[in-house]
Amino acid sequence: MTAVELPGAVAAPRPPDEDLVLDVRDLRMRYGAVDVLHGVDLTARRGEVVALLGPNGAGKTTTIEILEGFRLPSAGTVRVLGVDPAHGDERWRARFGVVLQSWRDHGKWRVRELLSHLGDFYAPYATDRTPRPWPVDDLLATVGLTGHADTRVARLSGGQRRRLDVAVGIVGRPELLFLDEPTVGFDPAARREFHELVHRLTDLDETTIVLTTHDLAEAEKLADRILILAGGRIVAEGSPDQLARRVASDAEVRWTRDGERYVHATADATAFLRDLLREHGDRVRELEVRRASLEDAYLALVHEEETGIRTGRAERVWQQEATR
Amino acid sequence: MTPTTTALRAGLRRGLIELRATFTNGQDLWNYFFPTAVLLVAMFFMRGSTVPGTDFSLGARTLPSALGMGLLFGGLLGLAQQLIVDREDGTLLRAKAIPNGMLGYLVGKLVLISAISLIGVVIQLVPGLFFLDGLRLGDPGAWLTLAWVVPLGLVATLPLGAVIGSVIENPRNMGLVVLPIFGLIALSGIFYPINGLPGWLQGVAQVFPLYWLGLGMRSALLPADLAAVELGGSWRHLETLGVLGAWAVLGLVLAPVVLRRMARRESGSRVAARRERAMQRVG
């Protein structure tokens with residue numbers, strides 16, 4: 001698989017695949033005269049966590065709304081659970097869950113009431129393999145809202161509200177879950193709790209998760225595979241490690257010896273460390289090796305998107321790494 | 001059970017849950033009881049005046065007319081308002097994201113609004129009985145008439161409310177609908193008979209459902225001889241059925257088309273954009 005999609009590069013034809021939960025080819029979206037998506041290719045396999053990473057305005061939400069069937073694309077083929085979202089019926093809709101960016105609905109309802117009500121709609125779609133809906137008490141425990149079962153939704157904190165949104169997203173035991181910017185506006189503690197919740201979900205079932213975020217650290221933490229979306233194109237794709245390795249040129253080695261601080265950049269950190277330790281042994285303290293980070297490359301990209309000044313620097317980084 | 005019957009039952013439950021929620025909410029209760037109280041006070045002071053040409057209490061004539069007006073407010077404005085608010089906070093999108101959720105949502109709304117309208121009739125009628133004389137509640141004929149006028153009134157107004165609620169996106173624009181309705185109230189003989197109005201104004205009033213809702217309710221609750229002072233000197237049940245029925249058909253033809261179009265366009269970014277606008281209004 002080509003891990004980096006260059007503009008203009010042609011995707012190799014893929015054979016049809018049972019395990020492919022999501023299969024998007026050459027997705028294009030145009031509002032009036034403005035192209036928002038210029039041919040996005042995107043796949044996800046059963047059980048995979050895929051992050052769509054990109055700055056604001058990159059086209060993440062548009063992409064995910066097309067996948068959810070809330071928007072019709074201008075061109076391209078889209079298959080979600082084997083079905084074109086434009087023609088998806090209710091049976092298809094019962095197989096995936098949606099967590100959108102901002103929801104303030106059902107404020108007067110109690111948490112348990114809402115989950116049990118929305119769960120009812122999934123009961124006719126239960127199968128032998130997948131009982132639906134998820135029993136409310138188990139669900140409350142999974143998202144950590146057991147203590148708030150009888151709280152009115154409007155009285156939940158931001159983090160609790162988001163966990164309720166996730167609970168609604170998974171009440172039908174979806175095969176596929178969409179999370180659009182799930183942790184925007186979270187404090188660090190709420191963010192960590194949320195990340196733990198996502199990990200629990202992927203451990204529980206073979207739930208495929210597609211999430212969007214503009215936070216690289218979040219994508220690295222949660223995703224098996226990251227697709228970087230910028231200016232309506234996928235500019236890079238791969239596991240966090242692959243991406244990191246692709247942009248990492250030199251490693252930076254820092255240490256102190258006899259109270260003095262040293263910094264050294266090297267292409268071969270292992271060899272350098274071997275020599276360093278052989279020479280100075282235990283006198284080397286506070287040793288630290290840092291790869292020139294994916295973050296730097298990503299930030300350059302975000303900067304270009306947000307300022308609108310395309311220096312080409314970001315693109316060069318990705319291209320350079322691709323040809324290596 | 002098929003998915004559709006499941007959704008219908010869930011919708012019914014949804015209506016009942018929302019009914020309980022709204023009647024345990026202070027702000028909502030105030031919204032229901034305050035206008036009722038104002039109307040009752042007005043009728044109290046009108047009880048001594050008489051309907052022109054009779055010695056019947058004007059207050060007692062106003063009560064059934066106001067009940068008819070209540071059906072219009074509840075069915076049309078009530079449903080429109082709910083649709084607009086539910087679109088702004090994402091309730092509707094939530095329904096769209098759930099299998100058969102829109103069906104459940106709509107059934108729930110109809111149950112909720114119908115129940116609120118009926119409760120509205122009761123909380124206005126019952127206190128009125130204590131100080132207004134001449135309403136023929138003991139007569140089975142009254143209940144028979146109520147039994148078709150009230151449901152027909154709701155069927156005529158609810159679909160119109162759904163259409164208005166789908167077309168208007170910004171809650172601020174509700175004034176576009178509310179103001180003409182206030183004008184219509186003056187024309188439709190709710191608080192005073194319109195026999196004195198010029199013929200063409202009477203004609204305008206009789207195009208819209210409000211006049212007929214008031215007339216229908218009067219025909220149920222007022223003594224039979226009061227029909228003499230109505231336009232045409234009769235309760236005109238056939239015409240009531242005809243005009244309200246025509247509005248019902250129009251609404252029922254339009255509403256599914258408009259609702260479907262509105263629901264199709266609903267998406268997360270639209271909700272977010274509306275939210276942003278709402279924040280600007282507050283800030």
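**Figure 1. Helices α2 and α3 of chain B cross in a right-handed way.** Everything in this and the later views comes from a predicted model. Here we zoom in on helix α2 (residues 26-46) of chain B and its partner α3(B), whose axes come within 7 Å and cross at roughly 155°. That angle makes α2(B) roughly antiparallel to α3(B), because angles over 145 degrees count that way. Who's touching whom? From α2(B) we have B:L39, B:M43, B:F44 and B:M46, and from α3(B) come B:L58, B:G59, B:T62, B:L63 and B:A66. Sort the residues of this contact by class and you get 7 nonpolar, 2 polar and no charged.

**Figure 2. Helix α3 of chain B also packs against helix α9 of chain B.** A quick reminder before looking: two packed helices are described by the angle between their axes and the distance between the axes. For α3 (residues 58-89) and α9 (residues 209-221) of chain B, the angle is about 135° and the axes are 7 Å apart. So α3(B) and α9(B) are oblique to each other. The crossing of this pair is right-handed. On the α3(B) side, look for B:R61, B:P64, B:S65, B:L67, B:G68, B:M69, B:L71 and B:L72. On the α9(B) side, the contact includes B:P209, B:L210, B:L213 and B:G214. By class, the contact has 11 nonpolar, 4 polar and 2 charged residues.

**Figure 3. B:A156 sits in helix α6 (residues 140-167) of chain B.** Is this alanine buried or exposed? B:A156 is buried, since 26 other C-beta atoms lie within 10 Å and 20 or more is enough to qualify. Leaving out residues up to four places away in sequence, B:A156 touches B:P209, B:L244, B:W247, B:A248 and B:G251.

**Figure 4. Chain A meets chain B.** The contact takes 27 residues from chain A and 28 residues from chain B. Which helix gives the largest share of chain A's side? That's α3(A), with 4 residues. At least two residues each come from α1 (60-67), α2 (90-93) and α3 (111-120) of chain A. Chain A's side of the contact has 12 nonpolar, 5 polar and 10 charged residues.

**Figure 5. A cis peptide bond joins A:R132 and A:P133.** Omega here is about -5°. To find the spot, follow chain A into the loop between α3 and α4 (136-143), where A:P133 is found. What makes this view worth a look is that most peptide bonds are trans.

**Figure 6. A:D26 and A:E181 have positive phi values.** Most residues other than glycine have a negative phi, but here are two exceptions in chain A. Phi of A:D26 is near 50°, and this residue lies in strand β1 (residues 20-31) of chain A. A:E181 has a phi of about 45°, and its place is in the loop between β6 (176-180) and α6 (188-204) of chain A. A:E181 counts as buried, with 23 C-beta neighbours inside 10 Å.

Conventions
Residues numbered from 1 in each chain as written. Chains lettered and ligands numbered in written order. Predicted model: local features only at pLDDT ≥ 70, side-chain atom pairs only at ≥ 80, totals over all residues. Axes fitted to C-alpha atoms, helices over the stretch in contact; angles between N-to-C directions. Parallel < 35°, antiparallel > 145°, perpendicular 65-115°, else oblique. Left-handed = near helix turned anticlockwise from the far one by under 90°. Contact = placed C-beta atoms within 7 Å. Nonpolar A, V, L, I, M, F, W, Y, C, P; charged D, E, K, R; others polar. Buried ≥ 20, exposed ≤ 12 C-beta atoms within 10 Å, placed from the backbone.
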